[in-house]
Amino acid sequence: MAESVAVICEQLIKAVNVMMDAESSQRYRLEALKFCEEFKEQCPFCVPCGLQLADKSQSPVVRHFGLQILEHVIKFRWNTMPQQEKVQLKNCAMGLLSNGTHFILEEESHIKDALSRIIVEMIKREWPQQWPDMLKELEDLSKLGESQTELVMLILLRLAEDVITFQTLPSQRRKDIQHTLTQNMDSILSFLLTILQLNVDEYRRLKSDPSQELKARAHSRVGVATLNTLAGYIDWVALVHITNEQCRLMEILCLLLSETELQLEAAECLLIAVSRKGKLEDRKPLMVLFNDVAMHYILSAAQSAEGSGLVERHYTFLKRLCQVLCALATQLCALVGSHVEVEVPGNLNKFMEAFLAFTTHPSQFLRSSTQLTWGTLFRHEVLSKHPVIVEVTSKYMRATMTNLVKTGFPSKSDSPSCEYSLVDFDNDEDFNTFFNSFRAQQGEVVRIACKIIPLEAFQMAGEWLQYQVKSPIDVGPTMSKTAEGLCSILSPSVVQWDAMTFFMESIVGQLLKTLEKEKVPVDQGIELLQAMLSYETRDPLILSCVLTNVSSLFPFVTYRPHFLPQVLHKVRPLCPAPVLQCAPRTRAVKNVRRHACSSIIKMCRDYPQFILPCFDMLYCHVKKLFSNELLLTQMEKCALMEALVLISNQFKDYEKQKAFLEELMAPVVVRWLSEEMGQTLLNPVSFLAFVGADQVMNDSNIEDQTGINRSRISFCVYTILGVVKRARWPADVEEAKAGGFLVGYTPSGNPIYRNPCAPQVLALLPNLLALIRTHNSLFLPEHMARLSETFARAYDVMDVEKNVVLGLPQPVLEIYDSPVYKTSLERMQGFFCTLYDNCFHILGHAGPSLNQDFYTIEGLADSILLACLFVLWMCSLILMISRVFVKQLVVSCPQEYYDSLLCPLLGHLFAYMLQVSKAQFTWEEEVCGEKQVTQEMLEEELLRLVTRELLDLLSESHHYSNCQRTASQVCWTLLKQIVGGNLLPEAVTWFYTSVLKGLQVHGQHEGCSAALTLLAFLIYEALRPRYSELRVVMTHIPNIQLEALDQFDQRLLNPATQKAGEKKRKEQFKKLIAGTVGKPLGQQFRKEVHIRNLPSLFKKVKPEVNRDILETSESPALVSLFSPLQDDI
């Protein structure tokens, strides 16, 4: 045997070396791998070969393979091994722990890991029943030296991970081991702390002696391993184990924060401990960390790590320490003011200063890590009123003024934050995404903090604004490339203005909500507003900030109405700055003009009654701007019209508002209802020629006639959308009645209103539906063939939308430097996409806006079906229609119009969607190998989004994020409506089989499995008594126990014998269909590991049945009480 083992070992060593040699060919490597795998599966000499290969005289790769062999034997042969061989293997493995490894600093970490796995695999199969002295053996092993102690730590850590964290063993074995660990937790933790204390003491004693450096490092390594093991237990043990002995564990961890080699692991343990949840009474001892000694060690460690500069390990330690402080603050907020009566710590000011230091640290990541905790502190009912918190709120505001400035890009070196960003972020785009989220967090916290110090916060914002107004513009090295002297998005002045604007916006909104009306600092607000109104700049980026500040400060105008004309002049879309009028316009110019439009719409939406006196002035200004067709873009024109419509709602006079809307829309009505436009919108060929999609164009033909045609169509649709979205009746019923808006009441007593825009919109609606129908018909092959070479891809999803669907980041940096030039194809794509989207937005708003005037249109359902669902085939179009039109219709449609409108539309939509989905899946299977990866992913993601959107539409009252769970809920909701009727057996079989197929595909996911199993149970219980075909389906389930199925059916068909509760019936059914649950691809070919249960540690003692209490010896008094002798009493 020895010779055979030696020969096999030699062959295995050669095979392992071939596999690991980079110069080996693929063929030899596969042959070697096959030989090794066949050896592990078939050879009877695995144990002696594994032990020989694992000898420390071998190379690390060979030793590791030897240990893998032993682990394979334990995993897959343990159940068939004789007891003597098990004991021998266990003794040999323990021997490897004792003397089978090199010195702790020399041994490879993967060897240690493999060796610990072997012991843990045996523990999982034998402890505690068959190996009761395991813990004692490990303790004895730790006395042999540092190498053995580290291995013991690895074993205990992996045992906790497998049993508690990953739960990689059967339920009964897991319960046995966890129960035994819990029973021995006092001794385990005491053992760990003793090992930790001994090795830390030795490390401290030896580290200053150069001749003992290796010995000191060995003790340090053991200390690190022990702390890592502690971290694996602190997370789940009872809190009493963490806080007993006057929080000795916490004391040790705090002391270790000053040891450079151990501080990171100590901080990890401390973080886990102070983050524990549970009863407040159990968490109260954690407040010991607020005493002066513990706080001193925490603060000293932070200062020491910061003073050493940017060293990655020290920086990671700072992150953990920041998390510790955050967790401590969370515990403080939970305990103070609760029933456990914890007082505010006396050194709270010291804690807050330390916490504030992290908020002012150069690292943007550390700053962001504190924000949620600041919010929690500022919200706390008791702490937010404490003098220390009130004082630190002001300091936090000052710090935020610095933190809001976007600096620290990893590609730059203009800030101390940059070197930290190099560690935390891969590129500038990652940093930019992070910073946007960070800024949003700060805005939320600033609004909360403003409730504590509203006036002081507003004063800070005002000082910052005045400072920016007086400061000269600094374009910096990254100036705009299109105009000399203009800023780019990263110019110093822009980032300062942007930060100040965000701060002001956050402060003012909360200030007006917090203070009583008479306490509002009107004079100061008007002063700041005047500063913005008088500020002149030709830089579009800074002007955008000015507009935002004007919008933020606009509420103060309600106290001083005479400033209103100046404000309206400032925010008009055509600003006087020459840079905003010249061509070509940069993206920054385009955005500031769009910003002005949004600002005026926002003012007219929020303060329409206040702006009403200026209506005539604003209307005259709009007419003047409209006189030059090229002066404003179509979107800017429509924005001004929306603003006027919003103000006109305050007329509160139906006839007056109707007359105004007729006048406003007159040019659109004339153009939209003209004979030329009608022919164009009805005929796809004419439409393509009108918009120029059938012509070959050069990019130099920017202002061609077809471009003007597209612009006019877009303007008409924009106008209809703006009017139907904004025109409304008075909210007050009496005002509506007095103004002529109220026309009656519904049978349920709800008022029925008429919209003054209804006559105009209804007159334009037929041509709008014709446009939608024509647009849909453009996808027919004969019309696709009419597209010129220039516009062959005009119907493709735009790149911007592709990135949104695929979740790809948008280019966000330096995008303001170039003019907004677009190719002819891009302009055509944008035209089709925006036009189609706006058409369905109009239909979506028509119901809530026009009410019965829309729902009672004769043949409305047929007209919409003919227009909208003619030849749809693109998932992106279906997705858009569902979101902007159908969902709106479902929510707003009155019940009396369900049969005439809603049901026909939804019936056709879902039937069509089923057809599209089947075709799409088939199409993907046929061509996915030939398409580019991006297009394949796009189609798959769009189909997923459409499916989810339509399921959400079906279950508007159920807000599940998981598409499959929604489908399960919807299926039963629909089925139970017809379960009592006569269903075709084939339909019942198909439905039930589909659910089981869903389990086969999605059953490995816990959430999906629960929902689908419940659905299958409900269907089977409801339909099995009448449809025996379901039993036939059940018999085809793999590994089903027919006897158990018969018993389940018998109880189901005979309800009188049904004794089991619903929960038990569900468990029985789940076991019946367990064979349908599929495995993920990664586990389908994985060899199963079987761990047998040992005799249970928890034997329940069943009470004796039919036991006569009078016959027991424990109740003589009761027996004597009823004896005949007592009759004489």
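Buried here means under 20% relative accessible area. I start with that cut-off because Cys-418, at 3% relative accessibility, falls under it and so counts as buried. This is a predicted model, so please hear every value as computed from it.

Staying with cysteines: Cys-450 is buried as well, with a relative accessible area of 0%. As for disulfides, the count for this model is zero.

Next, helix α51, which covers residues 1062–1072. Which of its residues are buried? They are Arg-1065, Phe-1069 and Leu-1072. Those residues span an arc of only 50° around the axis, so they sit on the same side of α51.

What do the buried residues of α51 pack against? There are four partners to name: α47 (985–1002), α48 (1006–1023), α49 (1029–1035) and α50 (1042–1053). Turn to the other side of α51 and you find Lys-1063, Lys-1070 and Lys-1071, which are exposed.

Last item, a loop. Between α4 (60–77) and α5 (83–99) there is a loop that holds Thr-80. Is Thr-80 buried or exposed? Thr-80 has a relative accessible area of 66%, and therefore counts as exposed, the cut-off for that being over 50%. The side chain of Thr-80 has a polar atom 3.0 Å from the backbone oxygen of Arg-77.

To recap the helix: Arg-1065, Phe-1069 and Leu-1072 are the buried residues of α51, and the exposed lysines, Lys-1063, Lys-1070 and Lys-1071, are on the other side.

Conventions: Residues numbered from 1 in each chain as written. Predicted model: local features only at pLDDT ≥ 70, side-chain atom pairs only at ≥ 80, totals over all residues. Heavy atoms only, no water. Disulfide = S-S within 2.5 Å. Buried < 20%, exposed > 50% of the residue type's maximum accessible area, 1.4 Å probe, protein only. Helix = DSSP H or I, 4+ residues; strand = E, 2+ residues; numbered from the N terminus. Arc of directions from axis to C-beta. Contact = heavy atoms within 4.5 Å. Polar contact = N/O pair within 3.5 Å; in protein donor to acceptor, adjacent residues only side chain to side chain.
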